[in-house]
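Dear colleague,

Please find below the structure that I am handing over to you. My notes on it follow.

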Amino acid sequence: MDFSIITSNIDVYLEGMKNTLILVSISLVIGLLLAVPLAVLRVVGNSFVQIPIRIFVYFFRGTPLLVQMFLVYYGLGQFDFIRESFVWPLFKEAYFCALLTFSLNTCAYTVEILRGSMVATPHGEVEAATAAGMSKFLMLRRIILPSAFRRALPAYSNEIIFMLHGSALASVITIVDITGAARIINSRYYSPYEAFITAALFYMAITFTLVFLIRQLEKKWHAHLQPENQSVVKIEAPHENITG
Amino acid sequence: MKKSIVVFALCMFLAASGSAIAKDWKKVRVGVEGAYPPFSYVQPDGELAGFDIDIARALVAAMGADVTLVAQDWDGMIPALMAKKYDAIIASMSITDERKKKVSFSKKYYRTPAKFIAKKGSVSDFSKGTMKGKTIGVQRATIHDQYLTDVYGKDVNIKRYGSLDEAYLDLIVGRVDMLLADSVALLDGFLKKDDGKDYEFVGPDLNDRKWFGDGLGIAIRKQDKDLEELFNKAIETIRANGVYKAIQDKYFDFDVYGD
């Protein structure tokens with residue numbers, strides 16, 4: 001056990017952490033921004049709109065992230081018409097390939113999460129909105145989506161953490177993320193235990209921070225589900241607390 | 001049912017630990033790479049082949065033992081040896097001081113210089129100045145990786161690959177400007193092939209002892225001194241009886257043993 005190789009190479013890991021954080025956060029933002037309209041269309045659209053979205057979701061949920069990344073990174077480079085087209089400067093960069101694959105992958109999962117929670121909107125809420133004379137768009141914006149986001153949060157927080165862990169695959173297409181850093185240190189000193197336990201600690205620290213932040217958000221978004229005075233409820237009717 | 005599984009597992013365990021204790025080296029498991037042509041590659045029918053593979057079979061045969069070949073990704077090669085997944089590594093591994101801290105080595109069984117390759121005509125003047133800003137591909141955890149990191153680390157952008165095959169793909173599509181690897185591996189694995197016809201060697205032969213070591217040897221766990229001796233003797237045997245030359249002539253038209 002020799003952790004001096006880690007402390008003297010901590011800059012490699014910090015660089016790796018920077019890359020992991022950038023990759024994951026940009027992918028999640030792009031994925032979510034794409035997923036919201038796609039999920040809405042998936043629920044309210046006609047079958048001409050639905051079928052392509054279903055195929056997209058089916059493909060990205062039905063294949064491993066690693067296979068998708070190899071297809072984008074090594075696969076597309078095989079075709080001359082792509083190598084000669086204007087998009088090649090982008091696909092030439094490993095970073096862009098990883099971002100594209102991660103964004104589309106997380107988007108597909110997020111579409112399903114949002115679709116599920118939109119379909120589960122309580123019927124009474126929709127009825128009340130219709131009775132109040134809301135247009136379809138207004139109802140979507142004011143009632144269905146906010147309520148769906150709240151319900152989707154626990155499942156989406158899982159997706160965030162899966163995406164963080166899935167990003168370890170970026171290291172196979174030459175990107176130095178946290179895992180890539182660990183592989184460099186392992187290969188330089190042949191110390192797999194020290195190299196990868198350090199990577200594990202970095203991932204755990206990030207996951208812990210994410211879980212904490214999501215919990216804060218859940219407290220805020222689910223405030224209406226919390227009993228107003230917890231101490232009183234705990235004593236008098238603990239069984240009513242199950243949804244909190 | 002459950003009991004029989006437990007008994008079976010116990011037998012397997014005893015058999016495995018029994019052979020580890022015996023150490024009479026009637027069976028030698030050799031770790032090989034399988035993605036490093038022409039030294040080690042997988043044929044279309046799935047069989048391993050190459051210079052390293054033939055040498056491994058010849059050396060173990062010369063000891064009068066049976067060989068089992070175990071294919072292993074390059075960057076896990078030494079950890080898997082330490083974890084006793086096999087008893088020796090015959091995978092074109094250079095004998096370096098850094099590796100000697102973890103494992104011991106036989107005498108060399110061949111030695112060839114390292115070289116850069118690039119697209120024909122793209123590198124005319126080879127000096128540190130012109131290398132600046134270039135993207136150079138290299139196989140992770142190799143002496144070439146170490147050399148690039150130490151000598152050019154600050155000036156160039158290094159891309160590290162799990163195997164040379166992946167690096168060739170990125171050289172062809174232009175994601176890297178140059179590759180650094182063993183000259184023979186580059187020549188037979190790439191330059192002589194159709195994909196490699198537009199590429200050429202650039203720069204001098206690199207064989208500085210500090211990075212490129214004392215040639216390529218067979219790695220063995222430090223405690224298996226007897227096996228190291230057996231391999232050294234076997235190398236002498238096949239050098240003397242012509243088996244080495246026959247294998248060499250099968251793959252190369254020059255002397256790979258070096259001086």
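How much area is buried between chain B and chain A? The answer is about 1,800 Å², of which carbon and sulfur atoms give 51%; buried area is the accessible area (1.4 Å probe) that two parts lose on being put together, summed over both. In chain B, the residues that lose the most area to chain A are Arg140(B), Val173(B) and Arg175(B), together 32% of what that side buries.

This is a predicted model, in which local features need pLDDT of at least 70 and side-chain atom pairs count only at pLDDT 80 or more, while totals for chains, interfaces and linings use all residues. Residues are numbered from 1 along each chain as its sequence is written, chains are lettered from A and ligands numbered from 1 in the order in which they are written, and side-chain values use heavy atoms, with hydrogens and water left out.

At the interface, 20 residues of chain B are in contact (heavy atoms within 4.5 Å) with 21 residues of chain A. One salt bridge (a side-chain nitrogen of Lys or Arg within 4 Å of a carboxyl oxygen of Asp or Glu) is found across the interface of chain B and chain A. Arg183(A) forms a salt bridge with Asp75(B), with the closest N and O atoms 3.5 Å apart.

Residues up to four places away in sequence aside, Leu48(B) touches Val32(B), Gly34(B), Tyr41(B), Val42(B), Ile53(B), Arg57(B) and Leu69(B).

Yours sincerely
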